[in-house]
Amino acid sequence: MQSTGSDNPRVKPAFDQHPTVLSVRRQAPLVPVRLTLERLKQLALEAGADDAGVVSIDHPDLSEETPYLRQALPGVRSVVALVLGTHKEDIRSPTRSVANGEFHRVGERMDEVAARVAQELSRLGHPSLNPPMAFPMEMDAFPGRTWVVSHKKVAVAAQLGRIGLHRSVIHPRLGSFVLLGSVLTEAEVEGEPERLGFDPCVSCKLCVAACPVGAIEPDGAFRFSACYDHNYREFMTGFGDVLEQVAESRDRHELRERVTIAETASIWQSLSYKPSYKAAYCIAVCPAGEEVMRPFLEDRSAFLRSVVKPLTGKEEPVYVVAGSDAEEHAKRRFPHKRLRVVQSSLRPTSARGFFAGLPLTFQRGPARGLRATFHFELTDAELVQATVVIDDGAITVQDGLIGEADVSVAAATKVWLEVVTKKRSAVWAVLTGRLKTRGDRSLLARFAACFPR
Ligand code: B12
Ligand code: SF4
């Protein structure tokens, strides 16, 4: 049988005659639906959110966030902030599988709610995108910023809560028992969020008392590395550290001494299901929020006994870096918990990463009494100059060489990173002329102690 041109798959119709083109041209033009803040909030609640808000990307609180938002969705104009409540008895349970189950369940639900909001907005003519609630993240950028959008910053700008002493967002009604999400949209939304007129944190400092590694300071400082090394033991580089233990062990017997059988099982569980957080006690004990506070208000001692004590009294492994403030804190405050000494999870891979990471790994304890200015000149493709000032427990890092240095360091970035990550010794680097120092060289040992690895 002879085939005609039209049903021969190799003969294509002219573009203007293509059935899809003809069909789309017959449709009415797509006019994006006008959106008000109220309508968008309603849409989010119908999609399953417990609370929602909207904020323009021009909001001053989002100024640092805007480049990342534009990178994710170039035409972005507004961000929808989403809140989902978690079940507080589960989060407070010292049985961590129960708490982790709730974090994961609500996290997945948040991704679904955000997907529904984004799809609905796109259907209404406003291209929209829903970055994950947490994972997966942009691990190519690791150990730099891997998250697409900071949900905390969006939620605060949208007036859905404020950052508490524990550095998580506290919602005025649901308290700390919330997970957050954001949807980036090209929609321009009419209306401004009403200002949240008060700070839901009641400054009780229970989060300070509950954290097993002292990550939350009463003055509001947050020891990022303490939380990261313990709570994230089975995530990213905590898992990498375990792999290194495998590589370094002579045989299975040594490995069994380094990683207990329970730890191996826990890592298997994290990889097979979802990663297990080790703590989150700062969230668990927080009494803030209108729907949370009653038991704390009615009987504070009973609250301490039933909510805080089971977590602080729990005998459990606590992961700390040798010489860190977390190690000192856990030993002093929680002698009944089992200290497990691990390598620092945060390793620099570039000169800029090294300087950006210093405030995150800085330990106030070893820095006590130390007052010194350090100048650094690290070179690879480019020269990076920086000044680090340690002033009795405080650190500042600035670009360029500022003021008079007590000690100056110059090296190729690769050599310096090998020294700080203990691949090479500083003595080797100095003796071979690869690391040049000027001034009081003994200060470098004090410097290293402030960033234990
Ligand atoms: C990075 C991150 C972490 C880090 C840092 C936490 C922090 N305080 O920022 C670690 C691993 C420690 C962490 C732990 C937890 N997290 Co978390 N985390 C995030 C993430 C991906 C980004 C946070 C962020 O915006 N940071 C930047 C700014 C806004 O925060 P900041 O407080 O000013 O900055 C501190 C650190 O982030 C760090 N930092 C700042 N910039 C940079 C850059 C780089 C490259 C790095 C490495 C660090 C860093 O230094 C600051 C001071 O120490 C978000 C998810 C998301 N995509 O938004 C969830 C999120 C903040 N986490 C959340 C939760 C629930 C937790 C845990 C309870 C997990 C658990 N189950 O145990 C703990 C709580 C620890 C605590 N007290 O904060 C929720 C918080 C919900 C809320 N109510 O606010 C979020 C919003 C996830 C979600 N979708 O709901 N988390
Ligand atoms: S536990 Fe107390 S101090 Fe900590 S964030 Fe909650 S209300 Fe604020």
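Helices (H or I, at least four residues) and strands (E, at least two) are DSSP runs, numbered from the N terminus. The model is predicted: local features need pLDDT of at least 70, side-chain atom pairs count only at pLDDT 80 or more, and totals for chains, interfaces and linings use all residues. Residues are numbered from 1 along each chain as its sequence is written.

**Sheet.** Four strands form an open sheet in the order β2-β3-β7-β4, with antiparallel pairing. Two strands pair if DSSP finds at least two bridges between them. β2 and β4 are the edge strands, each pairing on one side only. Antiparallel strands β3 and β7 are joined by eight bridges. Within this pair, V83 stands opposite L180 of β7.

Contact means heavy atoms within 4.5 Å. Axes are lines fitted to C-alpha atoms, for helices over the stretch in contact; angles run from 0 to 180 degrees between N-to-C directions.

| Helix | Residues | Strands | Angle |
|---|---|---|---|
| α2 | 37-46 | lies across β2 and β3 | about 140° to β2 |
| α5 | 96-123 | touches β3, β4 and β7 | about 145° to β3 |

**Second largest pocket.** On a 1 Å grid over the protein atoms alone, a pocket is an open set of points where a 1.4 Å probe fits, with protein on both sides within 12 Å along at least five of seven lines; lining residues have an atom within 4 Å of a point. The second largest pocket is lined by 22 residues, and R96, S266, Q269, S276 and K278 lie nearest its centre. α5 gives the largest share of this lining, five residues. α5, α11, β9 and β10 each supply at least two.

How values were computed:
Chains lettered and ligands numbered in written order. Heavy atoms only, no water.
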